[in-house]
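Welcome, and thanks for opening your viewer. Please load the structure below, and we will walk through a few selections together.

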Amino acid sequence: MPSTEPPWFRTEEAGTSATTGLHTPTHSAVTGRMDDAASPTSAGAGAQIGGFLSEKPYTPPSWAMHLCPVPSQAFSLGHELMLLQRRLQFPTPIHKWNLPNLPEGTEVWIKRDDLSGMQLSGNKVRKLEFLMADAVAQGADCIITLGGVQSSHCRASAVAAKYLNLDCYLILRTSKALVDKDLGLVGNLLVERLVGAHIDLVSEEEYSEIGSVALAELLKKRLQEEGRKPYVIPAGGSNSLGTWGYIEATREIELQVQQSADIQFDDIVLPSGSWWNHCWSRLGSRLSSLKAKVHAFSIWHDPGYLYAHVQDLIDGLQSGFNAHDIVRVENAKGLGYGMNTAEELQFVKDIASATGIVLDPVSSGKAALRMLKDMAGNPDRWNGRKILFIHTGGLLGLYDKVDQLSSLAGSWRRMAIDYTVPHKEGTAA
């Protein structure tokens with residue numbers, strides 16, 4: 001009987017490929033150790049009392065010194081833990097990903113930015129370390145930012161603001177049918193409302209017609225009239241200052257690779273909901289010693305739109321590069337931002353069951369599906385290559401898909417009890 005499983009999920013027979021077996025790496029590329037001097041927030045910031053949430057002077061990597069403007073300060077927002085002298089978060093760990101049915105000789109490794117802390121904020125915390133430092137330096141008493149109704153960036157911003165005793169105002173876009181309704185306490189909205197964020201809803205049509213910049217300026221003006229001092233963070237934190245968060249991430253990966261002489265990545269694969277993700281990955285790879293080919297899968301905009309904004313971003317850094325030379329954008333948005341097909345949700349469930357890695361349905365899930373489909377359709381392109389996939393977090397978005405996932409998730413059953421078995425006390429769990 002022919003297999004009904006999709007081509008990206010067929011499991012190879014035991015012994016056919018080392019990449020399908022469970023791998024337990026032991027070198028520093030997995031533990032994420034890096035030199036204290038290389039981290040903008042210092043190696044032990046999370047372990048030292050008062051280190052977390054502290055403001056630190058920032059020194060960029062040597063290969064990024066010529067970019068401008070260079071931030072002078074950054075907040076320690078990424079959660080750092082020390083365990084047996086190994087930092088488990090920031091730098092986030094890299095480990096081999098036990099994906100099924102890879103092309104011959106292909107290895108996929110995964111960088112776990114979903115483990116960065118801050119209420120499962122994923123990669124969003126990286127740019128906020130710089131943006132929040134700028135907000136505080138400018139004397140702001142509140143921040144304004146924008147995004148989709150299940151935006152991980154907005155949720156991370158709301159949490160970061162409260163950490164730093166700032167109020168947070170969110171402009172969230174949703175459908176015309178829901179814009180006048182209470183959207184409840186689902187996923188990212190639950191955290192945002194728990195930490196006291198002020199939420200203004202706009203329709204998708206209003207967001208497109210008026211524009212994110214004009215909407216933020218409108219709210220900023222109203223707050224200023226009330227005597228507030230708002231600081232505007234653009235949608236996704238996507239500006240030149242926010243990009244430094246992932247320039248720093250590139251340094252982080254570079255140092256992890258340098259400390260593991262047997263691992264050199266040929267490709268970096270990542271999802272992107274905003275143009276700065278594309279920019280940091282390729283710009284950082286070009287400037288640093290990584291030199292990996294970058295595959296950025298857009299889960300929101302079309303490639304043409306992104307190329308224009310990438311150019312604006314790299315021009316803001318005065319890097320001298322052309323967007324088309326440093327970025328290859330591939331479309332992975334499917335039905336659209338935040339919307340999923342049954343295939344995409346089945347993929348998230350299958351990968352979790354096969355590997356233990358839970359992908360979010362908005363970003364990493366779509367990018368990983370597109371990557372494995374390309375591997376199945378074009379195996380020669382990937383044969384023998386070592387790939388680093390960036391897991392950008394966003395797991396709270398799964399809770400917005402509960403109804404769609406309910407039929408896919410694992411089942412349960414009532415345990416059959418044999419009352420003839422002699423009673424035996426155990427330790428309380």
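Start by selecting Asn 340 and Glu 344: their side chains are joined by a polar contact of 3.1 Å. Keep in mind throughout that this is a predicted model.

Is Asn 340 buried or exposed? With a relative accessible area of 8%, Asn 340 is buried, because buried means under 20%. To see what surrounds this residue, leave aside residues up to four places away in sequence and select Leu 335, Leu 345, Pro 361, Lys 366, Lys 401 and Gln 404, which Asn 340 touches.

Now move to another part of the model and select residues 107–112, which form strand E6. How many residues of E6 are buried? The count is 6 of the 6, so E6 is largely enclosed by the rest of the structure.

Next, bring in the partners of E6. Select residues 94–96, strand E5, which pairs with E6 in the antiparallel sense over 3 bridges; look for Ile 94, whose bridge partner in E6 is Lys 111.

For the last stop, select residues 386–391, strand E14, which runs parallel to E6 and is joined to E6 by 6 bridges. Finish at Val 108, whose bridge partner in E14 is Ile 387.

Methods:
Residues are numbered from 1 along each chain as its sequence is written. This is a predicted model: local features need pLDDT of at least 70, side-chain atom pairs count only at pLDDT 80 or more; totals for chains, interfaces and linings use all residues. Side-chain values use heavy atoms; hydrogens and water are left out. Buried means under 20% relative accessible area, exposed over 50%, partly exposed in between (1.4 Å probe, protein chains only). A polar contact is a pair of N or O atoms within 3.5 Å; within protein, one must be able to donate a hydrogen and the other to accept it, and residues adjacent in sequence count only if both atoms are side-chain atoms. Contact means heavy atoms within 4.5 Å. Helices (H or I, at least four residues) and strands (E, at least two) are DSSP runs, numbered from the N terminus. Two strands pair if DSSP finds at least two bridges between them.
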